[in-house]
Amino acid sequence: MTAPSATSFDIRDIPFSRRGSWLDISPVVALHTVREKLHLVSHQTGMHAILVFEPLQHGLPVEATIEATPTTLRWSTPTGVIEAVFEGDSVLRLRGRSAELRLADATTELTPFTGTYLYTDPIDGAAVFTSYETGRRYRITAVSGTVVITGAEALGAGKRAVTMSGPDWEIAIEEFDAARAPYRHTEPFDVVAAGVAAEFDHYVERIASWRSERTPGVSTACYVLWSATVSPSGFLTRESIFMSKHWMDKVWSWDHCFNALALAPGLPEEAIDQFLVVFDFQDAAGALPDSITHSEVLYNFVKPPIHGWAFRKLRATLELPLSQQTLNDVYDSLVRWTRFWLDSRRVPGHVLPHYHHGNDSGWDNSTTFDHDRVIEAPDLAAFLVVQLDVLAELAVELGRDSETDEWRREAAAMQSALLELWDGDVFVARAATSGRLSKTSSLLNTLPVVAAAHLPGSIIEKLSARISRHVTEFGPATQLTDSEEYEADGYWRGPIWAPSTAIIEDGLRRAGQTGLADLISERFRGLCERSGFAENFDALTGEGLRDRAYTWTASCYLTFAREAEERTRFHRSQ
């Protein structure tokens, strides 16, 4: 097979970056904002475009063909070539051969509180941009060639740029805080590129050694994950995988579970870190934050408690057992998270906990929330049934026998309350105070299949039939496509999403509905191989929608592909 590092991708869909870096190069500079030219973008204190890359010929802008691989980014102009490689997580190297490049300030004006200031460092002659938006400095050091600085020390509006020219030139761009020793390159550009290639190939081999010609999307999926990974900085004290290095540059408190599952086969320590990253921020009540990023932790919403389900699946994937300390840490964290739902999210006298908004469920605008936002939802109850079951198992394993019975009692009560939401055809949600019933045309109402081991066979059969009605040529639509509320690009009101697909597929497989589970896995894998790893997909056309480089989509593809390969090899061995 071709080396993963030779895989090409469209820079308009996937940003060019490197594991650990808070920088990327992309035309995407803000929420739903795409520029014609590529920009250097930082994700420190938010998403901020810093510099614009402008290929030139005789000092004038020129069209360039852009090619990207995990190793290098290349602009091909009519006269020459410009290449970029990440030397490290905070250093970008660029070189040009018979091609000029202008690095221009991406902001329009410098004010006392916004914009970018440019000066020439009197110590080493480097050009330094300082950004109010990121609170960081961006130093451009010439390794070779001619560098011209325009707008140094200028205030207010005006052009600020650094231009490189000459037959052969090379520069380094660094992102740092207040000070750093002058840049000195220690390795040639090609050696740096070879090192990046080796690093990425090793990463792919670790988490996808099982890949074959039947899994053509693996290298790109791995790159989406690898390139969206940031080193510890700001609030994040662990290496973390963002949803994307486009505008979805955060860790949300359920997406991390799917990314952990993708890492588990070959990077167990990184997988556990990814699973635990949100638990670093549990509040006094045990709640997890809605999201975390460099300089922001939000608690105004939460996310669904899929963590017991995810941890059970994660452990089954790991080759080596977890330490007792890790098991104790996970158990204690899951206890606090579960108690949040049982103690802080139940109306007095009610067994079922409730969501405050669609955002709490992760299904922001699902039609299940159309009548009421504060609802006792069947997916929430099912997730907690599974999580309580996992807690009971862990309590036994850890010798906490006095706690085992409590979790089993809570699980039994939650299971009984969940079954009260069954209307004979599908599960329904109800308003926490009035008891008004929800609409039932959302795939959300079928998610209790995740607790298949706790459901009667008759319900499993009807749930499977309902799920089948959601399945299109590409996978399970989040809204029945023949319902009046269906919207092609309606977020959770129609498009296919990776997490819902993964939860449904796993539940069906555990329920013994392997035919339907296999079909969903096959169609979703084919969708990704055709349309990439978008945030979500049009359920009827398969077109990628919204953010086009989404890690949980890539992770679910990798998990599905690995499991399908394992099934294929098992069957062939029989």
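Predicted model: local features only at pLDDT ≥ 70, side-chain atom pairs only at ≥ 80, totals over all residues.
Visitor: Which residues of the largest nonpolar core touch the most other members?

Guide: The core holds 174 residues, and Phe 53, Leu 94, Phe 275 and Leu 558 touch the most other members. Helix 8 (residues 378-397) supplies the largest share of this core, 13 residues.

Visitor: What is Phe 53 in contact with, leaving aside its neighbours within four places in sequence?

Guide: Its contacts include Ile 25, Leu 40, Trp 75, Leu 92, Leu 94 and Leu 103.

Visitor: Is strand 8 mostly covered or mostly open, and how many of its residues are buried?

Guide: Strand 8 (residues 91-97) is mostly covered, with six of its seven residues buried.

Visitor: Which strands does strand 8 pair with?

Guide: Strand 7 (residues 81-86) pairs with strand 8 in the antiparallel sense over six bridges. The two form a hairpin with four residues between them, and Ile 82 stands opposite Gly 96. Strand 13 (residues 161-176) also runs antiparallel to strand 8, joined by seven bridges; there Arg 95 has Glu 170 as its bridge partner.

Visitor: How is a pair of aromatic rings described?

Guide: By the distance of the centres and the angle of the planes. The whole structure has 29 aromatic pairs. For Phe 16 and Phe 86 the centres are 5.6 Å apart and the planes at 40°, so this pair is tilted. Phe 16 lies in the segment before strand 1 and Phe 86 in strand 7, so the pair ties together parts 70 residues apart in sequence. Both Phe 16 and Phe 86 are buried.

How values were computed:
Residues numbered from 1 in each chain as written. Heavy atoms only, no water. Core = buried A, V, L, I, M, F, W, Y, C linked by side-chain atoms within 4.5 Å. Buried < 20%, exposed > 50% of the residue type's maximum accessible area, 1.4 Å probe, protein only. Contact = heavy atoms within 4.5 Å. Pairing = 2+ DSSP bridges. Phe/Tyr/Trp six-rings, centres within 6.5 Å; stacked < 30°, edge-to-face > 60°.
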